[in-house]
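Reader: I am new to this structure. Please walk me through its pockets.

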Amino acid sequence: MAPDKIQQTVDRMARECVGNQLRLANRVVTGIYDRELRPLKLTASQLVILALTAKQGQVRPVELGKTLHMDASTVSRNVERMRARGWLAQVPGDDERSRPFQLTAVGKQILGDASVAWERAQAKTVALVGSEGVALLRSMSKNLMKGLHPD
């Protein structure tokens, strides 16, 4: 490829890269939630795990990873930290390798405490991106999921 064509592409990469723009948005929004949750020693990623676990009652790490599109090592690392804090407890499963877990009483309490911080973070994020931005994000997420699971 000619040097001027490479430079044009590099300029477009720096200016228009969708992947970079999404990562930037993710870092900004995650920062908002993490700052609100910090007094509870909880991260946005951990809050989602608590909420999904509460919703499902019991969850297996593999299922959680699929739902969140997270690799198994990231899920395991978060779950282990949360178990160490007493927020999650392993429960007997059909298969020893699956190791399902559920919220403990402490986990339910931290989730309840986190709801106020989540509401503040949610309001700040909606104010930042606007209601149209939120609607667009929800539509985009839905389309992305359809693309991954076309059935």
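**Pockets and their linings**

Author: H4 and helix H5 (72–84) each supply at least two residues of the lining of the second largest pocket. Helices are DSSP runs (H or I, at least four residues), numbered from the N terminus. This is a predicted model: local features need pLDDT of at least 70, side-chain atom pairs count only at pLDDT 80 or more, and totals for chains, interfaces and linings use all residues. Residues are numbered from 1 along each chain as its sequence is written, and side-chain values use heavy atoms, without hydrogens or water.

Reader: Which helix gives the most to the lining of the second largest pocket?

Author: A pocket is an open set of points on a 1 Å grid over the protein atoms alone, where a 1.4 Å probe fits, with protein on both sides within 12 Å along at least five of seven lines. Lining residues have an atom within 4 Å of a point. With four residues, the top contributor here is H5.

Reader: What is the volume of the largest pocket?

Author: Grid points are joined across faces, edges and corners, and a volume is the space filled by probe spheres set on the points. For the largest pocket that gives about 1800 Å³.

Reader: Which residues that line the largest pocket are the closest to its centre?

Author: The lining of the largest pocket holds 39 residues. The closest to the centre are Asn26, Val29, Thr30, Leu137 and Ser141.

Reader: Which helix supplies the largest share of that lining?

Author: Helix H2 (18–37), helix H3 (44–56), helix H4 (61–68) and helix H6 (105–148) each supply at least two residues. The largest share, 19 residues, comes from H6.
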